[in-house]
2 protein chains.
Amino acid sequence: MVAIGTELLLGQIVDSNSARIGQTLAANGFSSYLQLKVGDNHDRIVAALRLALEDADAVITSGGLGPTQDDITREAIAEVSGRRLHEDPGVRSVIEELFAARGRPMSANNYRQAMVPEGATVIEQRKGTAPGLIVPVGDKVIFALPGVPYELDDMLANEVLTELRLRRNDATVIRSRVLRTWGLGESRLAELMAPRFDELEGSNVTIAFLASGIEGVKVRFTVGTASESEALELLGREEERARQLLGDYVFGVDEDTLESVVARLAIAEHVSIAVAESLTGGMVASQLVRVPGASEWFRGGVVSYATAVKEQLLGVTASSVVSEDAARMMAEGVARLIGSDIGIATTGVAGPEMLEDQPVGTVWIGMSYRGRSEARKVQLLGDRERIRTYATATALDLIRLTLSGSGRGFTAF
Amino acid sequence: MVAIGTELLLGQIVDSNSARIGQTLAANGFSSYLQLKVGDNHDRIVAALRLALEDADAVITSGGLGPTQDDITREAIAEVSGRRLHEDPGVRSVIEELFAARGRPMSANNYRQAMVPEGATVIEQRKGTAPGLIVPVGDKVIFALPGVPYELDDMLANEVLTELRLRRNDATVIRSRVLRTWGLGESRLAELMAPRFDELEGSNVTIAFLASGIEGVKVRFTVGTASESEALELLGREEERARQLLGDYVFGVDEDTLESVVARLAIAEHVSIAVAESLTGGMVASQLVRVPGASEWFRGGVVSYATAVKEQLLGVTASSVVSEDAARMMAEGVARLIGSDIGIATTGVAGPEMLEDQPVGTVWIGMSYRGRSEARKVQLLGDRERIRTYATATALDLIRLTLSGSGRGFTAF
């Protein structure tokens, strides 16, 4: 893939086209080798196309097909493919009709869009004014698509995939599945998975780890097989084996999130949840509310940032607001105040200053349920924002573990 | 720039690093020629690095520095630079200390991160476990940065820019300033700025617009001059002119955020704030708490997600929970309950379903202050998450406008 446009290099636009093209290709079993972003510079576009064609059978470009002088993708492709540009009468008349229909005058520049490498197939423009191009280069091919996402997506889903399927010789089906984990670093996960890694060496299954910050570490399995059913069977086998190795550090699959899993457990257990937050300041509640239909099990919460709010509203009498007692009392207090089955509490030191002589990163997470309460201390690293987000994810994970009966969750209930 | 990771090619992660690197380089007067994304494949990483080095004086890589077997950036750079990898004792001991501090066992894989090309300079890891590398290649240089955005940004802003400036031969001083705006789209901003755009044509000042979603639209001025003082004078002049054209749609400069501006105003006005949130579910509170020292003016809040919580805790008696009355009563109720000068409330329909026959995206924002209250309706577009985040930013902006006495804010107080 070659994305063309100086605005991409300057970061004025994030190139989301390449990611979507990558997803579409992967979902249809085509491998992606390389993606390039290059400015509106003829020699660099030519060099990028040549590099991409070295390794790959097909290259998709996006952008640089517009009517202005800095839209030079056509010329670069003509040079790389050794084909001359000529005016395509069909494209010219479509552009003229489009302008007539809009009642707008056409400028000389607009005719540039009718210039097409000889021997190329035109992908007719449907929504914009830029036609796409399919340009053979020896036994390889360049697809030139407009940079506007909806025009690009439309041509990709139709002409490009059709042509690619025609050109594909084998019938391999490629599918992948992502296991979502929380609580282990990437290297520890890799160690736990090492036995399976070794067994799969040279097979049609690959494993990749994706450290995703607040989203935990993702473990992705990709299989290439002869049929859809075989792919699903293999993925099922790998998921099962990975769950044996990783235990309940796996919290979900593919689109699952910590909050969606908490939601599922709360609904299954018929429990309602309320939260009392100090250092996380509403972030735990806000994450829970991301789940559509949260009102079924989430009742609300209190952001008890000032000490007086902890005391007066939640009935905290602990001498320290960053303590086991404070976290437990906050959890009990909010369940009582809001009228929920479960109360969750966070209190700690987000920084940048120490609090009550306790170091930055000290966090207590409390939970109350069935007339009892329990709290756990975690020590987190990083800046204020990182400590707050990791405290939030840790709290969600503790609800998950507790409701699913894991020995790693709270055990008082 | 070379972004490394198969997950990028598959579109499982959108490579936002390259765009941010491009912005930072542009803001500091460095040109970007080419950006590549390449999978975890040794030969392709090597080819990408070689291509990038052909044209450019420096190459920045992101990703592939982690501890697992598919993190192979170190090896590829060693090959391209013709340098052997050796274990760096300093890096090794930092990693060991980090694991000791966390009380976690270290795996053999983690030691891979201490492997460094001979002659390279190590950029010490501050937040994560991956050190960065500065590797000379002839008279050119490769900077290897981790893929995790906050680690990358930190090293880019410090070691990378410092080294790039040292290597730059000309004495032009390049400085930039970003005006932060909220409330206007990119095209409307460009229209308002058009007169200045024309006047600056061909001068040493450039203007760029960066649509940044929940962070609003940024307007960046970059100047190239002979001295620091001249640069600052020019930027001051441009800021003043832009503020004349854009009025109080400008909320701040450079590192300012809506919440940091609210904090400054609250401190200046000696007022305390509490929030009552329904559809935003804690996000307004959580944004306010991002500001260090928030306890000085932020007291806390109530996430009144369930209707019963709105009624019993906040005293809402309105017949509809998505209404002007409900928003006003929530704001009054939370100020009374928490004991703050100002109460802020959000209630609305985040979707995916309609609520009380009101369409998705209907949001009421309420404020109480000095014994009075007022509410305003906004209609937002997008999915659940977008509606919640835009409602949050709109609420913060309304506090800002009101406290700064703008006619666009609430006017009842």
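Where in chain A does Asp254(A) lie? Asp254(A) is found in the loop between β12 (250-253) and α9 (258-269) of chain A, where helices (H or I, at least four residues) and strands (E, at least two) are DSSP runs, numbered from the N terminus. This is a predicted model, in which local features need pLDDT of at least 70, side-chain atom pairs count only at pLDDT 80 or more, and totals for chains, interfaces and linings use all residues. Residues are numbered from 1 along each chain as its sequence is written, chains are lettered from A and ligands numbered from 1 in the order in which they are written, and side-chain values use heavy atoms, with hydrogens and water left out.

**Positive phi angles**

- Most residues other than glycine have a negative phi, and most peptide bonds are trans.
- Asp254(A), which is not a glycine, has a positive phi near 50°.
- Asp254(A) counts as partly exposed because its relative accessibility is 34%, given that buried means under 20% relative accessible area, exposed over 50%, and partly exposed in between (1.4 Å probe, protein chains only).
- His270(A), also a residue other than glycine, has a positive phi of about 55°, and His270(A) sits in the loop between α9 and β13 (273-277) of chain A.
- His270(A) counts as exposed because its relative accessibility is 70%.

**Cis peptide bonds**

- In chain A, the peptide bond from Gly351(A) to Pro352(A) is cis, with omega near 5°, and Pro352(A) belongs to the loop between β15 (342-348) and β16 (362-369).
- In chain B, the peptide bond from Gly351(B) to Pro352(B) is cis, with omega near 5°, and Pro352(B) lies in the loop between β15 (342-348) and β16 (362-369) of that chain.
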